[in-house]
Amino acid sequence: LGLVVVDAMAKFQEARNNVQAEANSLADVFLLSERFPAAKEKRIKELCLHYVQRVIDTEWQLMDDAKIDMEARRTAINLMRTVQEFEPKTQGEQGVYPIAVQEVCQIWDCRRARTAAAQYGVPAEEWLVLMVGGCVTIVFTYFFALKNLPLQVAMTAMVSVLIALNLLLVLWFGYPFSGDRKVHPDAFVIDQSIFNNQLGVH
């Protein structure tokens with residue numbers, strides 16, 4: 001059970017890191033687009049702003065129910081295509097283009113990791129094993145029968161509390177985008193502020 005808790009906490013931290021990486025790459029693409037022609041720059045920045053707005057306003061609430069926003073997904077795909085279809089001509093564009101492609105691919109990879117973590121938490125089979133294991137462990141305490149009833153009750157209670165607390169940790173950290181202790185879109189909120197400021201949107 002302790003190993004399951006550690007694994008759940010590691011996945012929670014990984015989900016948080018993925019969100020940060022996705023937001024960082026999105027900001028990089030937005031800023032790198034300034035080296036592209038005006039029409040291409042405008043299109044990329046519009047897609048970045050639309051994507052971050054959909055993620056914050058719509059998708060984050062949907063992930064609480066293990067769902068994703070298809071509009072945000074389409075915007076991410078359009079952003080990838082817009083960057084990858086660009087044909088650099090000047091030396092400056094040729095220097096920025098591979099970096100922009102790398103960052104936009106990073107957005108997609110981190111997005112897939114984020115949505116997968118939201119849709120697939122702790123499997124039902126794992127919960128079954130944990131619950132059965134917890135019950136067996138509590139019952140096992142009665143094999144150490146004590147003549148003193150209060151001590152027997154105290155021992156069983158302490159084991160039960162320990163198991164319950166560990167199961168609670170699995171519940172909290174096994175679903176990184178659900179519940180009260182879920183990962184929040186703070187990194188995307190910062191992106192949105194930067195994009196609005198750059199585009200003069202209030």
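Colleague: What share of the accessible surface of the protein belongs to carbon and sulfur atoms?

Modeller: Bear in mind that this is a predicted model. The accessible surface of the protein comes to about 11700 Å². The part that belongs to carbon and sulfur atoms is 60%.

Colleague: How many helices and how many strands does the protein have, and what is its radius of gyration?

Modeller: The secondary structure comes to seven helices and zero strands. For 202 residues the globule rule gives 17 Å, and the protein is well over that, so it is more spread out than a compact globule. The C-alpha trace spans about 85 × 30 × 25 Å along its principal axes. The radius of gyration is 24 Å.

Colleague: Among contacts between residues at least 6 apart in sequence, what percentage join residues at least 24 apart?

Modeller: As background, buried residues make up 39% of the 202 residues. For the contacts you ask about, the figure is 77%.

Colleague: Why is Cys48 too far from the closest cysteine sulfur for a bond?

Modeller: Cys48 is buried, at 0% relative accessibility. A disulfide needs two cysteine sulfur atoms within 2.5 Å. The closest cysteine sulfur to that of Cys48 is in Cys105, and the distance is 14 Å.

Note on methods
Residues are numbered from 1 along each chain as its sequence is written. This is a predicted model: local features need pLDDT of at least 70, side-chain atom pairs count only at pLDDT 80 or more; totals for chains, interfaces and linings use all residues. Side-chain values use heavy atoms; hydrogens and water are left out. Buried means under 20% relative accessible area, exposed over 50%, partly exposed in between (1.4 Å probe, protein chains only). Helices (H or I, at least four residues) and strands (E, at least two) are DSSP runs, numbered from the N terminus. The radius of gyration is taken over C-alpha atoms; the globule rule is 2.2 Å times the number of residues to the power 0.38. Contact means heavy atoms within 4.5 Å. Accessible areas come from the Shrake-Rupley method with a 1.4 Å probe; for residues, only the protein chains shown count as cover.
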